[in-house]
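Please examine the sequence and the structure shown below. The report that follows describes them step by step.

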Amino acid sequence: MNLLELITKRYSERRYSSQQVTDDDLSYILSCANMAPSAVNKQPWHIYVIRGEKLLQFGDVYRRETFKEAPLCLVVTGNHAQSWHRSDGKDHCDIDIAIVSDHIIMAATERGINTCWVCNFDVPLCKSLLQLSDDEEPMVLIPMGYALPGTQPNPKKRKDLNDIVTYL
Ligand SMILES: Cc1cc2nc3c(=O)[nH]c(=O)nc-3n(C[C@H](O)[C@H](O)[C@H](O)COP(=O)(O)O)c2cc1C
């Protein structure tokens, strides 16, 4: 698979079978995360691996079937005290976390594991369950696993290239 094929293969999966993600796949995915670039190489992230009984405790953080079914969920947090702040004050934490999260998601896709970006969750509850400091913000939940049998990937709806690119 070339990169475009891999990127096209990824889609948001919101229903999962009970098949477990192997430790070997998880270890590969985390190694890919660890190679992510970040502003001034600050690597202001932390990845919490949640599964089994622990994941059930997170049911109210994201009240969807996705969360009840997925065998595994990663919570990616960003630490605003560690991230690079440009001289005009712009905090690059969100950008860094988006990159590391995409590494995780693309690595999972390569291994045939389905995922979904989830940002619409209860942040205060997640913070309290993970006992995070004020500086550490949970930014992305990444449930992962295998689609239910017979599931079709969502059709890709994207803007036309001409509408998003300007050649000067
Ligand atoms: C930053 C971000 C946050 C998202 N948050 C959610 C979410 O909270 N819940 C959800 O079901 N999907 C969420 N999504 C998935 C998008 O809805 C999805 O990526 C988009 O509709 C395109 O579909 P595709 O991923 O199947 O290509 C999010 C995606 C991104 C990139």
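## Overall form

For a protein of 168 residues, a compact globule would have a radius of gyration near 15 Å, and the value of 17 Å found here agrees with this. The radius of gyration is taken over C-alpha atoms, and the globule rule is 2.2 Å times the number of residues to the power 0.38. Along its principal axes, the C-alpha trace spans about 50 × 45 × 30 Å.

This is a predicted model, in which local features need pLDDT of at least 70 and side-chain atom pairs count only at pLDDT 80 or more, while totals for chains, interfaces and linings use all residues. Residues are numbered from 1 along each chain as its sequence is written.

## Elements and burial

The protein contains 7 helices and 4 strands. Helices (H or I, at least four residues) and strands (E, at least two) are DSSP runs, numbered from the N terminus. In that direction the elements follow the order α-α-β-α-α-β-α-β-α-β-α.

Of the 168 residues, 27% are buried. A residue is buried if 20 or more other C-beta atoms lie within 10 Å of its own, exposed if 12 or fewer, and partly exposed in between; C-beta atoms are placed from the backbone. Among contacts between residues at least 6 apart in sequence, 80% join residues at least 24 apart. Here, two residues are in contact if their C-beta atoms, placed from the backbone, lie within 7 Å.

The 4 strands form an open sheet in the order 1-2-4-3, with antiparallel pairing. Strand 1 (45–51) and strand 3 stand at the edges with a single partner strand each, so one side of each has no neighbour in the sheet. Two strands pair if DSSP finds at least two bridges between them.

Strand 1 is joined to strand 2 by 7 bridges, and Ile50 stands opposite Cys73 in strand 2. Strand 2 (residues 72–79) is in turn joined to strand 4 by 8 bridges, with Gly78 opposite Glu137. Strand 3 (residues 114–115) has 2 bridges to strand 4; Thr115 has Met144 as its bridge partner there. Strand 4 (residues 136–145) is largely enclosed by the rest of the structure, because 8 of its 10 residues are buried.

## Helix 5

Helix 5 (residues 93–110) has 18 residues and reaches 26 Å from its first C-alpha to its last, close to the 26 Å expected at 1.5 Å a residue. The expected span is 1.5 Å times one less than the number of residues.

The buried residues of helix 5 include Cys93, Ile97, Val100, Ile104 and Ala108. Such residues of helix 5 pack against helix 1 (3–9), helix 2, strand 1, strand 2, strand 3 and strand 4. Just after helix 5, Gly112 takes a positive phi of about 80°.

## A loop with positive phi angles

Val40 lies in the loop between helix 2 (23–34) and strand 1, and Asn41 is found in that loop as well. Neither residue is a glycine, yet phi is positive at about 55° in Val40 and near 50° in Asn41. Val40 is exposed, with 12 other C-beta atoms within 10 Å. Asn41 also counts as exposed, with 8 C-beta neighbours inside 10 Å.

## Around the ligand

The residues around the ligand are Tyr11, Ser12, Arg14, Cys116, Trp117, Val118, Cys119, Asn120, Asn154 and Lys156. A residue is near a molecule if its C-beta atom, placed from the backbone, lies within 6 Å of it. This shell divides into 5 nonpolar, 3 polar and 2 charged residues. Ala, Val, Leu, Ile, Met, Phe, Trp, Tyr, Cys and Pro count as nonpolar, Asp, Glu, Lys and Arg as charged, and the others, Gly among them, as polar.
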